[in-house]
Amino acid sequence: MSAITVVGVGADGWPGLSAVAREALAAAEVVLGGARQLALLPEQSAEAARTAGAAGTAGVTAERVPWPSPLRPSVSGLLERFAGRRLVVLASGDPMFHGIGRTLLECGVPAESLRVLPHPSSVSLACARLGWPVEETEVVTLVGRPVESLYAALYPGRRLLVLSADASTPARVARVLVERGFGPSRVRVLEQLGGAAEAVREGVAAGWSLPPGDPLNVLAVDCVRDPAVSADAPRQQLVPGLRDELFESDGQLTKRHVRAATLAALAPAPGELLWDVGGGSGSIGIEWLRAHRSCRAASVERDPVRAERIVRNAAALGVPRLRVVTGAAPGALAGLAAELGRPDAVFVGGGLTVPGVLEACWSALGPGGRLVANTVTLESEALLTQWYRRHGGELVKLSVAHAVPVGGFTGWRQAMPVTQWSVVKGEVSGAGATGADEVGGGAK
């Protein structure tokens, strides 16, 4: 593949480009970019280009091609169309920060075929204006993503930069802040950063009345909790074990303390993929995604009503990216690996005794993959015991009791004990373990 130069451009347009970036654009035969970005480039006739004293100082003669919408499906075709020609792709700010540089890589362009010339990102410019350390500032993008993506970042005292989708984003964010109990938060709208029309407008979320302004904007949010919110109200936290009240549920919910132990056994790490089989209320997949922004998860649930509930729970808890598959395992698992890749971990929270479920989950895992299964029934416990004897791992019983009133006194109410089997594929341990390559016949 011919080399592709990716040039980051700011709101200051041509004057803000480095000499190297200008030279690349002056030498280009084709320039791909958004309509706004293309409009920032000065025109130049071919005759003027031949007589210009320095390369790129008088403008751009290349064919200008705006990206179609949707963009991703068109990338491969456009790159093939212009193969062999000197091609420059325009990006807003830093092409590798939520930009077209990443998109090109995800569409199959080899990294060695890209020459990236970045411009300061909107985040760098915003932090410079605000006096905020970049490394201590949470960044949430709402460009092409639902506003619910903001929920998981809302904590008292935090500073957020929100990358806006358009001029309507500030009002939408203000509504979210109020709905989530952060009405007193200060919100600043930084428009046209680095350009001649740069401006800052601000207000408080609870009394937001500013009209829509420039569509090129970034929001700075100083998160302040509404004092009217009860101190003992259910709150989000970083570690697993969210309060059960935060989940909409019909009772099919892995309860808080068992859920925390289950996530510990699943051991999420950045970038990893979880299959949550028998999703129920979606709590395991949701907490897996909340562990790190790059984690991925698919929740498989046979009941359509529950599947819709999982979607709502995921949005309400700030991880609308949860992939929900409506269907019964093991059939619903077919094609998941081809679509999402081999899972790093699988949790089975329901349907253990359905023929083929454990076999399909085990087969999907690669070496080092983790399988965790929970059950409260004797029949499923017997099945897990058989798999434990064949594949090793760890078999534990989790018991939780809650203090409740007993007349004028207090006693313990015991929840149903949960049997949990966790294993790493390839691990050989425990009495009777025979190796990870043997498929457990005990599922029959």
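This is a predicted model: local features need pLDDT of at least 70, side-chain atom pairs count only at pLDDT 80 or more; totals for chains, interfaces and linings use all residues.
Figure 1. The structure as a whole holds three aromatic pairs.

**Figure 2. A charge over a ring at Tyr151.** Here is a view of Arg180 and its aromatic neighbour. Arg180 lies over the face of Tyr151, at 3.9 Å from the ring centre.

**Figure 3. The largest nonpolar core.** In soluble globular proteins, nonpolar side chains tend to be buried together. The largest core in this model has 26 residues, and Trp275, Val348 and Leu371 touch the most other members. Several elements give two or more residues to this core: the strands S11 (273-277), S12 (296-301), S14 (345-348), S15 (370-375) and S19 (418-424), along with H12 and H13. The largest share, five residues, comes from H12. A second, separate core holds 22 residues, including Leu242, Ala307, Ala314 and Leu317.

**Figure 4. The surroundings of Trp275.** This close-up takes one of the residues named for the largest core, Trp275, and shows what surrounds it. Leaving aside residues up to four places away in sequence, Trp275 touches Ala298, Leu333, Leu336, Ala337, Gly341, Pro343, Ala345, Val346, Phe347 and Ala364.

Figure 5. Helix H4 spans residues 72-81, and its residues Ser74, Val75, Leu78 and Leu79 are buried. These four cover an arc of only 130 degrees around the axis, which puts them on the same side of H4. The spacing is worth a moment at the screen: an α-helix has 3.6 residues a turn, so residues three or four places apart point the same way. On the other side of H4, Pro73, Glu80 and Arg81 are exposed. What do the buried residues of H4 pack against? Their partners are strand S1 (4-9), strand S2 (30-33), strand S4 (87-92) and helix H5 (100-106).

Figure 6. Glu63 sits in strand S3 (residues 63-66) and Arg81 in helix H4, so to follow the link you can trace the chain across 18 residues. Arg81 is exposed, with a relative accessible area of 54%, while Glu63 is partly exposed, at 33%. A search of the whole structure finds 21 salt bridges.

Figure 7. Which residue forms a salt bridge with Arg188? The partner is Asp222, and the closest N and O atoms are 3.1 Å apart. Arg188 lies in strand S8 (residues 186-191) and Asp222 in strand S10 (residues 217-222), so the pair ties together parts that are 34 residues apart in sequence. Both Arg188 and Asp222 are buried.

Figure 8. The side chains of Glu248 and Arg312 meet in a salt bridge, at 2.6 Å from N to O. Glu248 is in the loop between S10 and helix H8 (256-266), and Arg312 is in helix H10 (residues 304-316), 64 residues apart. Glu248 is partly exposed, with a relative accessible area of 36%, and Arg312 is partly exposed as well, at 39%.

Figure 9. Ser281 lies in the loop between S11 and helix H9 (283-291). Is Ser281 buried or exposed? At 1% relative accessibility, Ser281 counts as buried. Not counting residues up to four places away in sequence, Ser281 touches Glu248, Ser249, Gln252, Leu253, Ile286, Ile310 and Asn313. Glu248 in that list is the residue that bridges to Arg312.

Definitions and conventions:
Residues are numbered from 1 along each chain as its sequence is written. Side-chain values use heavy atoms; hydrogens and water are left out. Rings of Phe, Tyr and Trp (its six-membered ring) pair if their centres lie within 6.5 Å; planes under 30 degrees apart count as stacked, over 60 as edge-to-face and the rest as tilted. A charge sits over a ring if NZ of Lys or CZ of Arg is within 6 Å of the ring centre and within 35 degrees of the ring normal. A nonpolar core is a set of buried Ala, Val, Leu, Ile, Met, Phe, Trp, Tyr and Cys residues joined through side-chain atoms within 4.5 Å. Buried means under 20% relative accessible area, exposed over 50%, partly exposed in between (1.4 Å probe, protein chains only). Contact means heavy atoms within 4.5 Å. The arc is that of the directions from the helix axis to the C-beta atoms. A salt bridge is a side-chain nitrogen of Lys or Arg within 4 Å of a carboxyl oxygen of Asp or Glu.
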